[in-house]
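Work through the exercises below with the model open beside you. Try each task before you read its solution.

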Amino acid sequence: MTATRPLPLQGIRVLDVSQVMAGPFACMMLADLGADVIKVEPPGGDQTRGAMGFKMKGPDSMGFLNMNRNKRSLTLDLKTEEGRADFYKLAETADVIVENYRPGAVQRLRIDYASIQKINPKIVYVSISGFGQSGPWATRPGFDLMAQAMSGVMSVTGYPGEKPVKAGVPVADIGCALFATYGLLAAYIGAQKTGQGQHIDASLFDAAMAFSIWDMSEYWGTGAAPTKLGTSNKMSAPYQAVQARDGYFVMGATNQKLWAKLCALLDRPDLVEHADYATVSLRLKHREALIVALEQEFAQRDSEDWIDAMLAAGIPAGPILSYPEAFEGAHGRHRRMCMEIDHPIEGKVKNIGFPVKLLGTPQEVRRHPPLLGEHTDEILAEIRATA
């Protein structure tokens, strides 16, 4: 029988000294890939354990349960000499540390990169914060909302003239988690070659700004500040939500070939070379009038009919689904974007599925989201045995 290949991060130890979302989500991705992730929690635990406006059977929130699978939990009071001593012993055995204290706090606790690097030169130390480890805003508290507002994301979200809205999902938090993971894995690979780790500075602010590629390309190219466009796009048209007889759907005829196909589908050959719509730049310039003209045609049939017809013609289109519809639909189920985890208190707990599938070494749930301090004795025994 062929031996099962190990998960790619098996043998790597990560200390998750973070709370709420960006840090825990990054560390969960590492744990899903096989890393031994030890969640180092204060005596009261990660504040997300008590978050959300509804209660489960036990003390942990559904949000916590969805960001901490495959980890072990160790409670340490890092404000005490004993707690720090145990943390130092653990740091000697670690490859990566992820923390998301406000800048300056880890220095006061004496668990900062400079302190840990003396103990373990190969450590990859990731600091996640709202605004980074340096700069005028570095010491400010910051959550996803502030990052979206202060990075420019909210300035292009929603419709012109309406009150500010944020992106419906935490783009700064999740984006920061992804960029932090990219950075720490690169640094870990480098440390294996050089014997030297490094300090990684990841912020929600920087992560949110990194999503502005098209917006800032437009600004740098034209000098015009990006504006709110609703569901439309500054690069091509038509590419947005449009209204059919029974409601909205999304579609995109983003180039000349797709535009010709759409005009043929609508039986509107006059639109192909129309003076206002013949090129992408003209369609962008006259987008509002273009959408009015198209929606007059779309109003003749239901959205599902249009989606089927467009897909048959090779034009990208799709329905606008709620999260439950997406997760419970045939494709969401096939992609296993909802899975159930056995939990000692909750029984079966639903979890977000693995967002990337490793086909050679498939991820698996090895551990339920840990109870607070569930593995404290186990982990302390491990480090004291090697002392």
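A salt bridge is a side-chain nitrogen of Lys or Arg within 4 Å of a carboxyl oxygen of Asp or Glu. The model is predicted: local features need pLDDT of at least 70, side-chain atom pairs count only at pLDDT 80 or more, and totals for chains, interfaces and linings use all residues. Residues are numbered from 1 along each chain as its sequence is written, and side-chain values use heavy atoms, with hydrogens and water left out.

**Exercise 1. Find the salt bridge between Asp36 and Arg72, and say which strands hold the two residues.**

Step 1. Check the distance. The side chains of Asp36 and Arg72 meet at 2.9 Å, N to O.

Step 2. Asp36 lies in strand β2 (residues 36–41) and Arg72 in strand β3 (residues 71–75), so the bridge ties together parts 36 residues apart in sequence. Strands (E, at least two residues) and helices (H or I, at least four) are DSSP runs, numbered from the N terminus.

Step 3. Classify both. Buried means under 20% relative accessible area, exposed over 50%, and partly exposed in between (1.4 Å probe, protein chains only). Asp36 has 22%, so Asp36 is partly exposed. Arg72 has 4%, so Arg72 is buried.

**Exercise 2. Classify the partners in the salt bridge of Arg49 and Glu41.**

Step 1. Read the distance: 2.7 Å, N to O.

Step 2. Take Arg49. Its relative accessible area is 5%, so Arg49 is buried.

Step 3. Take Glu41. Its relative accessibility is 2%, so Glu41 counts as buried.

Step 4. A search of the whole structure finds 21 salt bridges.

**Exercise 3. Describe how strands β10 and β11 pair.**

Step 1. Use the rule: two strands pair if DSSP finds at least two bridges between them.

Step 2. Count. Six bridges join β10 (residues 338–343) to β11 (residues 347–352).

Step 3. Follow the chain. A hairpin joins β10 to β11 through three residues.

Step 4. Pick a facing pair. Ile341 stands opposite Val349 in β11.

**Exercise 4. Locate Thr376 and compare its position with Ile38.**

Step 1. Thr376 is found in helix α17 (residues 376–386).

Step 2. Its relative accessible area is 11%, so Thr376 is buried.

Step 3. Thr376 and Ile38 are 338 residues apart along the chain. Their C-alpha atoms are separated by 9.6 Å.
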